[in-house]
Amino acid sequence: MKKQLALLVALLILGTIWVRSIKEQVAYADTDCPACGSNEVLDFGETDDGQHCHCYDCGQEFYLTPASDYE
C-alpha cells in the first residue's frame, strides 16, 4: 500500500513538472482580446495578414497589423 501511494505521489509531482515545462513554451501575444478583454491571447506567428492571434478564453481569432502599415 505504501509503495502504491509513493508511486502515485511521484507521478503527480512528475506530471506537474511536465505540464509547467510545456506551458512555458506557449507563445502569448502582447495584447488583450478585442472581444472579451482577456489577456490569454495565443500568438500563432506572422502571416501576410499580420500577427495571427487566438483568444484562449472566448475563441476569437484576429490579426494584428503594425501601425506603420497605415501610413
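Where is Ser-38 found? I looked this up before anything else. Ser-38 lies in the loop that runs between helix H1 (2-23) and S1. I note here that the model I am reading is predicted.

**Entry: Ser-38**

I then listed what Ser-38 touches, leaving out residues up to four places away in sequence. The contacts are Thr-31, Asp-32, Cys-33, Cys-55 and Asp-57. For Asp-57 I also noted a polar contact, side chain to side chain with Ser-38, at 2.4 Å.

I looked up one distance back to helix H1, which covers 2-23. The C-alpha atoms of Ser-38 and Ile-17 are 26 Å apart, and the two residues are separated by 21 residues along the chain.

**Entry: S1 and S2**

I moved on to the strands. How many bridges join strand S1 to strand S2? I found five bridges between S1 (residues 41-47) and S2 (residues 50-55), and the two strands run antiparallel. S1 and S2 make a hairpin, with two residues between them.

I wrote down two facing pairs. Thr-47 is opposite Gly-50 in S2. Glu-46 has Gln-51 of S2 as its bridge partner.

**Entry: S2 and S3**

I followed S2 to its other neighbour. S2 pairs with strand S3 (residues 61-64) over four bridges, in the antiparallel sense. Which residue of S3 stands opposite Gln-51? I read it as Leu-64. I had already noted Gln-51 as the bridge partner of Glu-46.

S2 and S3 also form a hairpin, with five residues between the strands. In that hairpin I picked out Gly-59, which takes a positive phi near 85 degrees.

**Entry: the sheet**

I put the strands together. They form an open sheet of three strands in the order S1-S2-S3, with antiparallel pairing. S1 and S3 are the edge strands, since each pairs on one side only. The twist from one strand to the next averages 25 degrees.

Technical notes. Residues numbered from 1 in each chain as written. Predicted model: local features only at pLDDT ≥ 70, side-chain atom pairs only at ≥ 80, totals over all residues. Heavy atoms only, no water. Pairing = 2+ DSSP bridges. Contact = heavy atoms within 4.5 Å. Polar contact = N/O pair within 3.5 Å; in protein donor to acceptor, adjacent residues only side chain to side chain. Axes fitted to C-alpha atoms, helices over the stretch in contact; angles between N-to-C directions.
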